[in-house]
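Student: I have just opened this structure for the first time. Could we go through it together, starting with a single residue?
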Amino acid sequence: MRRQVNVCSAYSAVLQGSVLDPLLYLLYTADLPAAADTETATFADDTAVLTTHADPAIATHRLQTALHEIQQWLKKWRMKVNETKSFHVTFTLISSVCPSVQLNNKHLAQPDDVKYLGIHLDRKLTWRKHITTKRKQLDLKLRKLYWIIGRKSQ
C-alpha cells in the first residue's frame with residue numbers, strides 16, 4: 001500500500017536575541033491544537049502539520065481540518081501567519097495532484113520542492129536537490145580555500 005503524506009508548513013516571526021525568547025515562545029504556543037490523525041512538528045517559529053493516508057482526498061481533508069483548528073487558535077491569541085511563506089507538499093511516488101488547502105481563506109502554494117529546517121525535500125523524496133545544493137555550497141567553500149590547498153601552495 002502506498003501512503004501519501006501531506007505537509008503544511010507555516011512560518012511566523014518572533015523576536016530573537018534574548019535567552020528567554022525560545023522559552024517564552026514555547027510557553028505561548030504550548031496549547032497549539034492537534035487534530036485527530038495529524039502530527040504537528042514545531043521548531044522555533046516553524047510549524048509543520050503532517051497527515052498520512054493512501055487516499056489523497058482524505059489526507060487533504062484531515063490537513064484542512066487541522067489548519068482550520070490552528071487558524072481559530074491563531075485568531076484567539078491574535079497571532080498572524082504569513083500565508084505567502086506557507087506551503088502544502090504531498091510526498092508520494094504517485095503522480096496525482098492533491099486538492100489544495102486553505103489558510104485564512106488563501107490557497108497555499110504546492111511547490112515540487114521545499115526547504116524545511118535547512119533540508120531540501122522534493123515530492124518523491126529523492127534528495128537530489130538537497131545533494132546538489134550542498135555540493136554547490138561545498139564547492140564555494142573549497143574555492144575560498146584554494147589558496148591554501150592549491151597546487152602551488154606551501
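Student: Which residues is Thr 38 in contact with, leaving aside its neighbours within four places in sequence?

Tutor: Thr 38 is in contact with Val 49, Leu 50, Thr 51, Arg 62 and Ala 66, once those neighbours are left aside. Please keep in mind that this is a predicted model.

Student: Where is Thr 38 found?

Tutor: Thr 38 is found in strand 2, which covers residues 38-43.

Student: Is Thr 38 buried or exposed?

Tutor: Thr 38 has a relative accessible area of 12%. Residues under 20% count as buried, so Thr 38 is buried.

Student: What lies 2.7 Å from a polar atom of its side chain?

Tutor: That is the backbone oxygen of Ala 35.

Student: And Asp 37, what is its phi?

Tutor: The phi of Asp 37 is near 60°, which is a positive value in a residue other than glycine. Asp 37 belongs to the loop between helix 1 and strand 2. With a relative accessible area of 51%, Asp 37 is exposed.

Student: Let me step back to the whole protein. How many helices and strands are there?

Tutor: The protein has four helices and eight strands. Along the sequence, they follow the pattern β-α-β-β-α-β-β-β-β-β-α-α.

Student: What share of the residues counts as buried?

Tutor: Of the 154 residues, 34% count as buried. The protein exposes about 10900 Å², and carbon and sulfur atoms supply 59% of that area.

Student: Of the contacts between residues at least 6 apart in sequence, how many join residues at least 24 apart?

Tutor: In this protein, 62% of those contacts join residues at least 24 apart.

Student: Now helix 2. Which of its residues are buried?

Tutor: The buried residues of helix 2 are Pro 56, Ala 59, Thr 60, Leu 63, Ala 66, Leu 67, Ile 70, Gln 71, Trp 73 and Leu 74. Ala 66 is also one of the residues in contact with Thr 38.

Student: Why do the buried residues of helix 2 line one face?

Tutor: Seen down the axis of helix 2, the buried residues fall within an arc of 160°, so they line one face of the helix. An α-helix has 3.6 residues a turn, so residues three or four places apart point the same way.

Student: Which exposed residues are on the face turned away from the buried side?

Tutor: That face of helix 2 carries the exposed residues His 61, Lys 75 and Lys 76.

Student: What span should helix 2 have, at 1.5 Å a residue?

Tutor: The 21 residues of helix 2 should span 30 Å. The C-alpha atoms at its ends are 30 Å apart, which agrees with that value.

Student: What about the start of helix 2, around Asp 55?

Tutor: There, a side-chain oxygen of Asp 55 reaches to within 3.2 Å of the backbone nitrogen of Ala 57. Just after helix 2, Arg 78 takes a positive phi of about 55°.

Student: How many aromatic pairs are there in the whole structure?

Tutor: A search of the whole structure finds one aromatic pair. Tyr 28 and Trp 77 form this pair, which is edge-to-face, with 5.9 Å from centre to centre and 65° between the planes.

Student: Where do Tyr 28 and Trp 77 sit in the chain?

Tutor: Tyr 28 is in helix 1, residues 21-28, while Trp 77 is in the loop between helix 2 and strand 4. The pair links distant parts of the chain, as the two residues are 49 residues apart. Tyr 28 is partly exposed at 38% relative accessibility, and Trp 77 is partly exposed at 34%.

Student: One more residue: where is Ser 100 found?

Tutor: Ser 100 is found in the loop between strand 4 and strand 5. At 37% relative accessibility, Ser 100 counts as partly exposed.

Student: And which residues is Ser 100 in contact with, beyond its neighbours within four places in sequence?

Tutor: Ser 100 is in contact with Thr 60, His 88, His 107 and Gln 110. The side chains of Ser 100 and His 107 are joined by a polar contact of 2.9 Å. Thr 60 and Ser 100 are 40 residues apart along the chain, and their C-alpha atoms are separated by 7.4 Å.

Definitions and conventions:
Residues are numbered from 1 along each chain as its sequence is written. This is a predicted model: local features need pLDDT of at least 70, side-chain atom pairs count only at pLDDT 80 or more; totals for chains, interfaces and linings use all residues. Side-chain values use heavy atoms; hydrogens and water are left out. Rings of Phe, Tyr and Trp (its six-membered ring) pair if their centres lie within 6.5 Å; planes under 30 degrees apart count as stacked, over 60 as edge-to-face and the rest as tilted. Buried means under 20% relative accessible area, exposed over 50%, partly exposed in between (1.4 Å probe, protein chains only). The expected span of a helix is 1.5 Å times one less than its number of residues. The arc is that of the directions from the helix axis to the C-beta atoms. A polar contact is a pair of N or O atoms within 3.5 Å; within protein, one must be able to donate a hydrogen and the other to accept it, and residues adjacent in sequence count only if both atoms are side-chain atoms. Contact means heavy atoms within 4.5 Å. Accessible areas come from the Shrake-Rupley method with a 1.4 Å probe; for residues, only the protein chains shown count as cover.
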